[in-house]
Amino acid sequence: ARQASLLTMASSPHISFVLSLLLAVITFACMQIYHDPLSSNQGMTIVGGFVGSILCLLLITAVGNLESIMFGHNFQTGLFPEVVTCITLSTLVSGFVIHRVSSTICLIFSIVHVYFMNRLSATKYGVSAAPIQPVLAKSKKKN
């Protein structure tokens, strides 16, 4: 019973922040170390873009946990500026470190990752972005 509860228990935002940031730095370092093999042919360029999207996923996790630590547990990571900044950063890293095609692939895979992260969050926590209701302006009547 104790083993099952440990497997389903989520880690604290502090531990998750440190782990995701550490893994993001390791992923970035591996992208630089394996620059030559990742840019050698078309297939590896696609793999490089996928690795860049994993970097984006780790950065979003780190930023979300940092915000949770700083602003409280109920703070939600927004599409702008947090997610857009992480996608832009990982896309630029993929483009400058590996190849321009990896940048495009990273952007596509990152958007797919963010979509599925949003779906997973909505099913886990039951919260999704509320639609914005338009405000109707009252017209003034002239006498």
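Predicted model: local features only at pLDDT ≥ 70, side-chain atom pairs only at ≥ 80, totals over all residues.

**Helix packing and aromatic pairs**

A pair of aromatic rings is described by the distance of the centres and the angle of the planes. By the rule used here, with ring centres within 6.5 Å, the count comes to three aromatic pairs. One of them is formed by Phe50 and Phe109, whose centres are 5.3 Å apart and whose planes stand at 85 degrees, an edge-to-face arrangement. This pair links distant parts of the chain, for Phe50 lies in helix H4 (residues 42–71) and Phe109 in helix H6 (residues 100–125), 59 residues apart. Phe50, with 37% relative accessibility, is partly exposed, and Phe109, with 29%, is also partly exposed. The rings of Tyr115 and Phe116 have their centres 5.1 Å apart and their planes at 75 degrees, and because an angle over 60 degrees counts as edge-to-face, this pair is edge-to-face.

The two helices joined by the Phe50 and Phe109 pair can next be considered as a whole. H4 and H6 pack with their axes 7 Å apart and at an angle of about 45 degrees, which makes H4 oblique to H6. The crossing in which H4 passes H6 is right-handed. On the H4 side the contact is made by residues including Ile46, Gly49, Phe50, Ser53, Cys56 and Ile60, and on the H6 side by residues including Val101, Ile105, Phe109, Ser110, Val114 and Met117.

Is Ile87 buried or exposed? At 12% relative accessibility Ile87 counts as buried, because the value is under 20%. When its neighbours within four places in sequence are left aside, Ile87 is in contact with Cys56, Leu107, Ser110 and Val114. Of these partners, Cys56 belongs to the H4 side of the contact between H4 and H6, whereas Ser110 and Val114 belong to the H6 side. The C-alpha atoms of Ile87 and Val114, which are 27 residues apart along the chain, are separated by 9.2 Å.

Definitions and conventions. Residues numbered from 1 in each chain as written. Heavy atoms only, no water. Buried < 20%, exposed > 50% of the residue type's maximum accessible area, 1.4 Å probe, protein only. Contact = heavy atoms within 4.5 Å. Phe/Tyr/Trp six-rings, centres within 6.5 Å; stacked < 30°, edge-to-face > 60°. Helix = DSSP H or I, 4+ residues; strand = E, 2+ residues; numbered from the N terminus. Axes fitted to C-alpha atoms, helices over the stretch in contact; angles between N-to-C directions. Parallel < 35°, antiparallel > 145°, perpendicular 65-115°, else oblique. Left-handed = near helix turned anticlockwise from the far one by under 90°.
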